[in-house]
Amino acid sequence: MQKNKSFRSVLVSNEYKALKGKYNSTIVYLFVILFIIFLAFGFAKSTLNYQHKLAGDPFSNWINLNYHAGTRDSLRSLNEQILLAPFRKKFHIKSAYFYNKGMVPVLTRSRGNSVIQYEARTIDPQSGLVKDLLTSGVRAKYFPDSVGNAFDYEPNGVIISRKLLVDAGLDQRSISFIQVSTPAGDLVPVPVLAVVDELPDMSDIVYTNLFYCKTMNTGFYDRENAYYRIFVEDMDTAGILRVLDELYKELEICDPSTVQTTVLKTGNNSVLTWKIEIGLQEINIPPTVRNRKLADLVSLKNHHYGQFYELSKDTACDNSSFFHDYLAIEFIDLEKIKDFSGYLRQKLSLQLNLEVLSDRENYLYTGNIAFGSIILLMALSVITLSIYISGIIRNHLLKIKKNLGNFLAFGIKNSTLIRLYIQVVVKILVTAIIPAFLLALICGELFEKFLLGKLLVLDNGQDYFSLLNSWFAFFLVLILFVALLRTFISVKKILKHTPGDLVYDRDS
Amino acid sequence: MNRNVFEIHGLECAYDRKGKKEKKVVLQIEKLSIPMGKVTIILGLSGSGKSTFIETLGLMNNTISKGLITYHHEENAIGIGPEIWKRPSELAEIRNRHFSFIFQNDFLMPYYSTGENILTGRLIQGFDEMTPAENDELKMLCLKMGLGFDEIITKKPVELSVGQRQRLSFIRAIIKNFAVIFGDEPAGNLDEVNSALLMDALHESVNRQCQRSAILVSHNIPLSVAKGDCIIVLSRQSGEQYEILPGNVYKRTANGWLNGTNEVLTDDKLEKKIREVVKN
């Protein structure tokens with residue numbers, strides 16, 4: 001028995017060859033068109049992403065009022081007003097609180113191990129801003145999901161910006177602390193609770209009022225009243241005893257009974273974590289040396305060490321001796337912001353800086369334009385491609401319509417022919433789309449890396465070219481759907497004639 | 001079993017006219033039977049409705065404005081009227097299983113190989129396998145038609161002559177499984193020798209299975225008289241309207257050609273008579 005090709009494979013392979021044109025011209029043209037469209041789409045989408053990011057900035061609903069001798073009374077009065085629900089309702093205010101700004105010296109490995117001052121600001125652990133910070137643009141979190149608030153987990157911890165992470169030469173996958181310089185010049189490992197793309201007020205560090213207060217009073221850290229907190233993972237009780245021996249040895253503690261040590265089981269059932277806290281009072285080796293020793297231990301993963309911090313036991317601080325820097329007011333939306341500005345001017349003689357609002361309006365406007373542009377680009381691309389594809393198919397079918405009439409006379413069904421031509425078009429589109437996509441991706445990334453990235457500096461983490469996203473997937477599906485729909489219509493239109501009309505080339 | 005493949009009663013074939021409600025009637029047949037197992041040839045002037053007639057019978061075009069055609073196959077009878085055109089899948093199925101076609105133009109796909117073109121009809125029917133016997137038969141048929149199978153099988157139609165393409169198109173039609181083969185001047189592009197070879201091959205194919213029939217349109221009166229089993233001549237009724245009268249239907253008998261009025265004619269006389277009818 002001699003096996004021949006099926007009619008489907010004969011038609012699909014031959015029609016594909018015929019339609020792809022001499023020297024693959026159809027595929028090449030299609031590839032070029034698609035490549036340009038994909039490239040344009042990638043840049044347009046990244047523009048849209050950037051505009052959305054600017055417009056959707058979680059801090060844009062916050063207005064900060066400078067707290068100084070001239071405004072102190074007015075702001076106190078305003079804060080009291082904001083405590084009243086009708087006032088908040090009138091101006092769409094959600095909450096308000098005072099905060100401070102400061103500088104924190106951090107060891108930066110990427111800058112030659114020098115200590116650099118980074119801008120920091122306080123945050124009310126209970127405010128909505130903490131939640132806003134940890135809902136978008138979060139690069140990494142280092143506290144359990146079960147803990148509602150990051151600062152409840154560790155009030156001595158900080159949230160840092162991605163910029164600081166990069167400057168400090170840290171890896172977000174393994175970071176557990178930043179090394180902060182004390183007034184005495186020692187470096188103290190301070191726990192990092194999260195890394196986010198952006199922090200309010202152009203800060204790189206956000207910390208609690210407690211942290212700030214301690215900084216203002218005695219230095220943020222009192223070594224006389226501090227301890228090491230070390231986490232050890234996946235270890236049984238006997239193992240923990242071995243770990244303690246190892247720690248005592250490393251820290252040169254001859255008599256463990258003189259050191260205040262607590263060992264607590266934490267973690268969930270899947271990963272058992274031990275929290276070991278060792279008081280620092282009886283440790284005689286210099287802090288820098290012992291910290292390095294612990295850091296070396298932590299870096300050895302086979303020793304089961306997770307992370308370690310150096311923490312001060314103080315959980316209270318007297319803040320009566322200093323003033324706040326700002327009053328931050330959070331709005332539900334900015335609809336009443338102009339009324340609020342008028343109220344401040346008339347009643348409290350305060351001037352509100354509305355630049356933020358103006359920026360936000362601009363972002364929304366340009367974002368809408370970017371959105372409109374990308375939609376138009378998508379529509380134009382889909383229309384162009386569908387016209388091109390259907391034109392090719394239609395011209396081809398008109399050339400062979402007598403042959404198609406012959407196929408119909410032999411008893412092939414219209415629906416079968418339509419289905420087969422759709423398969424041919426899918427084959428053509430896929431042959432052009434895959435290399436066009438890959439080349440656009442490579443060119444876009446190279447363009448971003450070697451040209452745009454050097455000419456323009458956008459925010460950290462902002463892409464100049466974005467092709468791997470759900471919009472592009474939708475765009476591809478749309479292109480395929482419309483091209484195939486046009487193919488379906490073109491083939492159906494020709495095959496609506498009877499076989500006789502096609503064979504004898506009659507118009508109707 | 002009915003010995004006629006088609007029976008026609010009160011048939012009126014008409015085409016739509018642009019901008020007019022009424023259709024243009026081109027052919028009227030009061031009563032006609034086309035015998036099964038025979039090669040029937042339809043003769044007539046150009047524009048007399050010959051192609052319309054076989055298109056109508058072969059379900060290639062919906063021209064029936066009046067009357068009914070009954071198609072007989074084995075024990076079944078299928079009524080062919082305007083209604084059947086509302087069921088396109090059924091039409092395709094009938095054409096697929098029962099009919100085959102040869103046209104004056106070859107309609108070979110230009111970028112398919114000759115081998116792929118020859119097998120198109122069978123492949124559309126779903127026969128994508130050939131037994132060694134069928135393969136040998138195909139080679140023999142090509143040889144009979146003056147075509148070297150191995151030489152032409154991989155060539156593209158454009159590399160062949162018009163006559164070779166015409167013969168290939170004929171082979172494509174007769175290797176398809178069919179009950180009725182329709183031909184619109186299938187030998188139109190062939191010389192006398194190859195035309196005779198084609199008609200002989202057609203007879204052989206029709207005679208191989210008892211229920212096979214062939215219905216051809218031709219302008220070649222001598223070839224039709226020499227090779228046909230039944231000849232139908234279209235005569236002018238009025239203006240551009242033609243008809244088939246019982247006296248213009250001739251069947252070959254042992255004694256000569258017998259028509260509906262029981263007139264018996266020799267080949268020469270029939271040829272002369274056909275020319276007279278066609279002229280008028």
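Reader: What makes A:Arg8, A:Lys17, A:Arg419, A:Lys427 and B:Lys156 a patch of positive charge on the surface?

Author: Lys and Arg count as positive, Asp and Glu as negative, while His and the chain ends are not counted. Patch members have over 30% relative accessible area and no salt bridge, with like charges joined within 9 Å and nonpolar side chains (Val, Leu, Ile, Met, Phe, Trp, Tyr) within 5 Å. The place of a charge is NZ of Lys, CZ of Arg, CG of Asp or CD of Glu, and a salt bridge is a side-chain nitrogen of Lys or Arg within 4 Å of a carboxyl oxygen of Asp or Glu. A:Arg8, A:Lys17, A:Arg419, A:Lys427 and B:Lys156 gather in such a patch. Helix H1 (7-20) and helix H14 (414-455) of chain A each give two or more residues to the positive patch. This is a predicted model, in which local features need pLDDT of at least 70 and side-chain atom pairs count only at pLDDT 80 or more, whereas totals for chains, interfaces and linings use all residues; side-chain values use heavy atoms, without hydrogens and water. Residues are numbered from 1 along each chain as its sequence is written, and chains are lettered from A and ligands numbered from 1 in the order in which they are written.

Reader: Why is A:Arg8 called partly exposed?

Author: Buried means under 20% relative accessible area and exposed over 50%, with partly exposed in between (1.4 Å probe, protein chains only). A:Arg8, in helix H1 of chain A, has a relative accessible area of 44% and is therefore partly exposed.

Reader: What makes the nonpolar surface patch of about 550 Å²?

Author: A:Val430, A:Ile434, A:Leu438, A:Ile442, A:Leu446 and A:Phe450 make this patch. A:Ile442 is found in helix H14 of chain A; its relative accessibility is 48%, so A:Ile442 counts as partly exposed. An α-helix has 3.6 residues a turn, so residues three or four places apart point the same way.

Reader: How do you know that helix H1 (residues 50-57) of chain B is mostly covered?

Author: Seven of the eight residues of this helix are buried, among them B:Phe53, B:Ile54 and B:Leu57. A helix here is a DSSP run (H or I) of at least four residues and a strand a run (E) of at least two, numbered from the N terminus. After H1(B) comes B:Leu59, with a positive phi near 55 degrees.

Reader: How do you know that strand S15 (residues 326-331) of chain A pairs with strand S2 (residues 62-66) of chain A?

Author: Two strands pair if DSSP finds at least two bridges between them. Five bridges join S2(A) to S15(A), and they run antiparallel; A:Leu65 has A:Leu327 as its bridge partner. Five of the six residues of S15(A) are buried, and the strand is mostly covered.

Reader: What is the phi of A:Asp505, and what is the phi of B:Phe107?

Author: Most residues other than glycine have a negative phi. A:Asp505 has a positive phi of about 55 degrees, and B:Phe107 one of about 50 degrees.

Reader: Are A:Asp505 and B:Phe107 buried or partly exposed?

Author: A:Asp505, in the segment after helix H16 (499-503) of chain A, has 40% relative accessibility and so counts as partly exposed. B:Phe107, in the loop between strand S6 (99-102) and helix H3 (114-124) of chain B, has 9% and therefore counts as buried.

Methods. Areas by Shrake-Rupley, 256 points an atom, 1.4 Å probe, with all protein chains shown as cover.
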